Amino acid sequence: MLELENLTKSFDSRHQQRNEPALKGVSFRVCEGEFFTLLGPSGCGKTTTLQCIAGLEDPDTGRIRIGGDWVFDAQAGTSLPANHRGLGMVFQSYAIWPHMTVLENVSFPLVHGVRRCPSSQVRPRAIQALEMVELGHLADRPAPLLSGGQQQRVALARALVHEPRLLLLDEPLSNLDARLRETMRTELRHLVKNLGTTTIFVTHDQVEAVGMSDKIALMREGLVVQEGTPRDICMRPNDVFVAEFIGQNNLVDASLTQGPPNAVARTSFGEVHCNANDDVAVGERAVLVVHPRALVLGDDGGADHENRFHATVADVIFLGDQLDVALQVGEQVLHASLDPFSDLRVGDTVELRLPAERCTVVRGDIAHAGSTRDMGR
Amino acid sequence: MPSRRLNQERVVLLLLCAVIGVLVLGPVIVLIRTSFTPPESMPLETIALTLENFVTLLVSSNTVRLVLNTVIYALSSMAIGVSIATFVAWCTERTDMPGSFVIRVFMFCWMAVPALVVGFGWILLLNPGQGALNVLFRELFDVKGYVFTVYSFWTLVLITAFAVVPTAYVMIAGLLRNMDPQLEQASRVLGGGPVVTAFRITMPLLTPGLLSVAIYMFMAVVQTFDLPVIIGLTANVPVLSTRVYLLSAPVNGMPNYGLSAAFGVVLLVLAVGLMWVYLYVTRTGERFRVVTGKAFRPRRIALGRWKVPVMLAVAAYFLIMSLPIVMLLWISLHTGYEKPGVAGLENLTFATFARIVENPVVIRAVINTIVMVIASATFVMLLASLIGWFTVRSNRKLGKVLDILSFLPMAIPPIVLVLAVLLLYIRTPLYGTVWILVLSHTTIYLAFGTRTMSSALIQIHKELGDAAMLSGASWLKSLRLVTFPLVWPQILNGWVWVFAHCARDLTVPLMLMTTSNIVVATALWNLWEFPDLPGTAALSVLLMGTLLLVAAPFQIYAAYKNR
Ligand SMILES: Nc1ncnc2c1ncn2[C@@H]1O[C@H](COP(=O)(O)OP(=O)(O)OP(=O)(O)O)[C@@H](O)[C@H]1O
Ligand SMILES: [Mg+2]
C-alpha cells in the first residue's frame, strides 16, 4: 500500500550549528488496512517522514509509492502535489480553520478538493462523517467554539470525509488530557479499523504506540532502528536504544561467552543463560536486557538451576497497582515489578531467577542509550 | 506525473522573483550606470563611461554644504520630533492624563494628512509678507516687517519635526505599551520610587527601542522631499533630495541626468549606511528586548498637581498642529485671499470648491489619482501577501532572495528610486501614463507591505494551510480560501496605509509629471505655483477630507480595540 525507499532529507540550517540530516535513509512498507506507527523521541524525524509522504516536503533522495503510483521519485525528479495524493491528515495542532463553521471545515475536501462530489451530496456526506465521530449535532457551530477533544474529532472527520487511500495522524492525541487520551486511543483505532483505512500514526509515546498499532517502526536520529509488531518490539528489541525506549527494561553490561543457540553472557554478577541477537559477536561489549516483569522471586520450583542468584531488597516503591522493587545482585541493581500484594521489605534477602527465554543480549552500549532516554520522555 | 520543478508554488515564486527583480534591480542598475555617463548625453544612449559626474560632485564646494545641510536638517527635525512624540506617548500611555484615547486616534489619523498640505498651511500662516500670523502681530503690536518667516532653515526644521511626530508617536507608544510591567513593579517593590524607577529602569529598557525609532525617523527625514521643495527652495536651504530633483527637472535648461544620478548614488549610499545601522541596532536591541506578548497593562502614574501643566502643554501642541489646517480651511472658504478675522466671516462661500471641482484638469487629476492609489495599494498588497508567504513558509533558496529583494527598496530614498524609474522608462510608452506612477509606488511601498504581511502570516499556523492541501485544494486555493482570509484584517490595514501614502505623495508624481499623468498632488503643486491660493486650499481640504474618511474608521477601530 505504502512504500518508502531510502528517503533522505536535510534542512537548510540557518539556526543550527551542525547540519545533521533530518532523515538519513528511511525505508519501510505498510500493508493495506494496517495501523502503522512511527515511534521515536522528539526530533527523530517522524513529522518530517510524514510530511514527505503527504507531499508537504520533498525528500532529497529516495522514492515513495502510494498504492500503485510512485508519487515521489527523486531520481526521476517527479513529485505529485499534496492535493493530488488523495490522503487524509490530522495535524498535531488539528488545524481547524477558525473562519469557517464545523460543517464548512468538514465539507472542504468535497467542495474544493481534487475529487469533488456533486453538490447535493456534500452536506449528507459531511454530516455522515461528523456522525461517525459523534459530532453531528455541532455541524453549524463556528469552529473556534469547540473544545480540544471536539476539535480533534472534527479534524478526524475532515480527514476521512473524502475516503482517503491513506490516513496520516501526527500526534493527534498529545494535546488531550490524560483521561480523554485514553478513551480516544481505543475509539480512534476502532474507527479506522472498521473503515479499513490504512493509517500512519506518529507518536513519541510508547504506551500509545504499543496499544494501538499493528506494526511499529521505531525511529532514531533520522533512521528506522527496528520495525515489527508491538510484541516484537517490546519482547525482542534488537538494539539497546529500543530496549531503553520501549519500557522500563533492566540494562546490564554484558559480553557473550558463548553464541546462540544456548547463548551465555557474562555479567558483573555471574553467567546468565539467555537469547542473543545474531548481530552480537562473542566477546564483544553488549547489553543484557531483562524485562522488569521477567524476574521471578523466591523458589518457584523451577527444575533447572541455571540463572539463579541471591539478591537483597534495596528499595520498595508501592504504586497501587504494582510494587517496584530494586534488587541488589552483586554490584548490579535490577528493578522488578511485582504484584502489589507481595510483602517484601527493604533488607530482605531473596532468591532470584532470570528465565533464560526472557533474557536477551543486544548489541550496543548502555552509556550511549542513556542519553536518548531523556530526550524521549 | 508532474515534475517537481514545475508546480504552482515554484511557478509563482519564479514569477515573483522576475517581477520584483525588474521593479527593484532594474532602476538601481540604470541609476548607477547613468551616474557614469557624460553629462550631455541621455541615459542608456551611450556606452561611454566617465567619472566626470563624481569629479564635479567632489570638487564642488556646494556638495559639502549639501550633505551637511541634509544631515543637520534631518538630525534636528528628528530630535525635536522624537522628543515631542516621546513626551506625548508617555503622557497617553503611562499617566492618568484624561483624553488619551482621543489623542491616540488623532495621532493615528494625522498620519493620513499630507505633509504637502500642512506645508502650504504653514506658508500661508508664516510667510514674511502676507502670512496671517505676521499680519496679526503687525496689527496687535505695531511691528514693522515680520516676526516669523517660514523661509528659514529653522522653520523648515520645526515644520518637519511636527510632521515626524505622529509616526514616531505610534512607534514609541507601541514600545511603551508592550513593556513588561513586572520589570517596573519589581523596582517599586524593592524600594525604588517613581522617579528612580523611571530613570533607572524604564529609560534604560527603552533605550534600544528609542534609538531604533530615532534612526528610522532620521532616515525618513533624509529621504523626505515635499517640505524641502516647497519651503527649502525659497529659503535657500538645498538638501540632497531637492538637488536631485532640480538637476533632473531644472526650471530652465536641459536636465543633467548624469550629475543627478551621481547625487542619487550619494544619497543611496547614505541611506544604505543608515539602513545598516538601523538593522544593527534593532538586532542588538532584540537581545534585551522588553516586548512580551502579555496582555498586562502597566500601572499608570498619577500626575497630581502636574496634571494641568501637562494637559496645557499637550493642548498647545495640538493647537499648533491644527493651525495650518484651520488656515487652509479659512482660505478655501473664500474666493480670494482674505485675512483671518471677524470681518472675513461675512464672505464665507463654497464658490472656490465649486470652481475647483469643475476644473477639467482637477477632474482628470482626481480620476488619475483614484486609478493610481487603488492600483498601487492592490498591487503592493497582492505582491506583499505572496512574498510574505514565501519568506515565512518556504525554505527554498529563492524565497530568501525574494525576501532580500523586497526589503531593498527600504534603503532606496523615494526620490532616488523615482529618478531611476525615470531614467529607465523615459523612452518607453509607459512614461507619461499613470502606470509609471503605480510602478514607482508599488516599488517604494513593497518593503512596508512585505513586513506587514510576513509578521501577520507568522502568526498563522503552517498546518492550517497544509490541511487545505491535504484536503485536495491546490496551493493557490489553499492561500485563497484559508491562509489569506485569516490575515484579512492586516491585508486591509496595509492596503489603506499604502492607499493614503500614495495619495499624499508628491515625490513620485512631480518627478514623473507630464501633461497626461497629473494627479491631485501635482495638481496642487501647479495651482500653488500658478498661484491660485484659494484653489490650492480648497483642493487640499478635499484631499485631506477624503483621506481621513478612508483612513479614520480603521484607525479609530484599531485604537479602540487596543485600548
Ligand atoms: N522546517 C524545518 N527547518 C529546519 N529544520 C527542521 C525543519 N523541520 C524539522 N527540522 C529538523 O529536523 C529534525 C526532525 O524534525 P521532526 O519535526 O521530523 O521531528 P519529530 O520526530 O516530529 O519530533 P517531535 O516529536 O518533537 O515532533 C529536527 O532536528 C528538526 O530540528
Ligand atoms: Mg513532530
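## Briefing: a buried serine, an interface and salt bridges

B:Ser35 is buried, with a relative accessible area of 0%. The model is predicted. The mean pLDDT of chain A is 87. The whole structure holds 21 salt bridges over all chains.

**Confidence in chain A**

- In chain A, 94% of the residues reach a pLDDT of 70 or more.
- Among the elements of chain A, strand 3 (residues 35-39) has the highest mean pLDDT, at 95.
- Helix 9 (residues 366-376) of chain A has the lowest, at 48.
- Over residues 370-377 of chain A, pLDDT stays under 50. For that stretch the model has 14 contacts beyond four places in sequence.

- Where does B:Ser35 sit in chain B? It is found in the loop between helix 1 (8-34) and helix 2 (52-59) of chain B.
- The relative accessible area of B:Ser35 is 0%, under the 20% limit, so the residue counts as buried.
- The side chain of B:Ser35 reaches the backbone oxygen of B:Ile32 at 2.6 Å.
- Leaving out residues up to four places away in sequence, B:Ser35 touches B:Thr50, B:Asn53 and B:Phe54 among others.
- The residues touched by B:Ser35 also include B:Gly258, B:Ala261, B:Ala262 and B:Val265.

**The interface of chain B and chain A**

- Chain B puts 24 residues into the contact, and chain A puts in 41 residues.
- Four residue pairs are in polar contact across the interface, both residues at pLDDT 80 or more.
- Which elements of chain B give two or more residues to the side that touches chain A? They are helix 19 (462-470) and helix 20 (475-486) of chain B.
- Helix 19 of chain B gives the largest share of that side, eight residues.
- The side of chain B that touches chain A divides into 12 nonpolar, six polar and six charged residues.

**Salt bridges within chain A**

- Side chains of opposite charge can pair when their charged atoms come close.
- A:Glu3 and A:Arg29 meet through their side chains in a salt bridge, 3.4 Å from N to O. A:Glu3 lies in strand 1 (residues 2-9) and A:Arg29 in strand 2 (residues 23-30) of chain A, so the pair ties together parts that are 26 residues apart in sequence.
- A:Glu3 is buried, at 9% relative accessible area, whereas A:Arg29 is exposed, at 52%.
- A:Glu187 forms a salt bridge with A:Arg153, with the closest N and O atoms 3.6 Å apart. The pair links helix 5 (residues 178-195), which holds A:Glu187, to helix 4 (residues 148-160), which holds A:Arg153, and the two residues are 34 residues apart.
- A:Glu187 is partly exposed at 33% relative accessibility, while A:Arg153 is buried at 15%.
- A:Asp214 forms a salt bridge with A:Arg189, with the closest N and O atoms 3.3 Å apart. A:Asp214 is in the loop between helix 6 (206-212) and strand 10 (215-220) of chain A and A:Arg189 is in helix 5, so the pair ties together parts that are 25 residues apart in sequence.
- A:Asp214 is partly exposed, with a relative accessible area of 22%. A:Arg189 also counts as partly exposed, at 25%.
- Salt bridges that share partners join A:Glu3, A:Arg29 and A:Arg65 into one network.

Technical notes: Residues are numbered from 1 along each chain as its sequence is written. Chains are lettered from A and ligands numbered from 1 in the order in which they are written. Side-chain values use heavy atoms; hydrogens and water are left out. pLDDT is the predictor's confidence in each residue, from 0 to 100. Helices (H or I, at least four residues) and strands (E, at least two) are DSSP runs, numbered from the N terminus. Contact means heavy atoms within 4.5 Å. Buried means under 20% relative accessible area, exposed over 50%, partly exposed in between (1.4 Å probe, protein chains only). A polar contact is a pair of N or O atoms within 3.5 Å; within protein, one must be able to donate a hydrogen and the other to accept it, and residues adjacent in sequence count only if both atoms are side-chain atoms. Ala, Val, Leu, Ile, Met, Phe, Trp, Tyr, Cys and Pro count as nonpolar, Asp, Glu, Lys and Arg as charged, and the others, Gly among them, as polar. A salt bridge is a side-chain nitrogen of Lys or Arg within 4 Å of a carboxyl oxygen of Asp or Glu.
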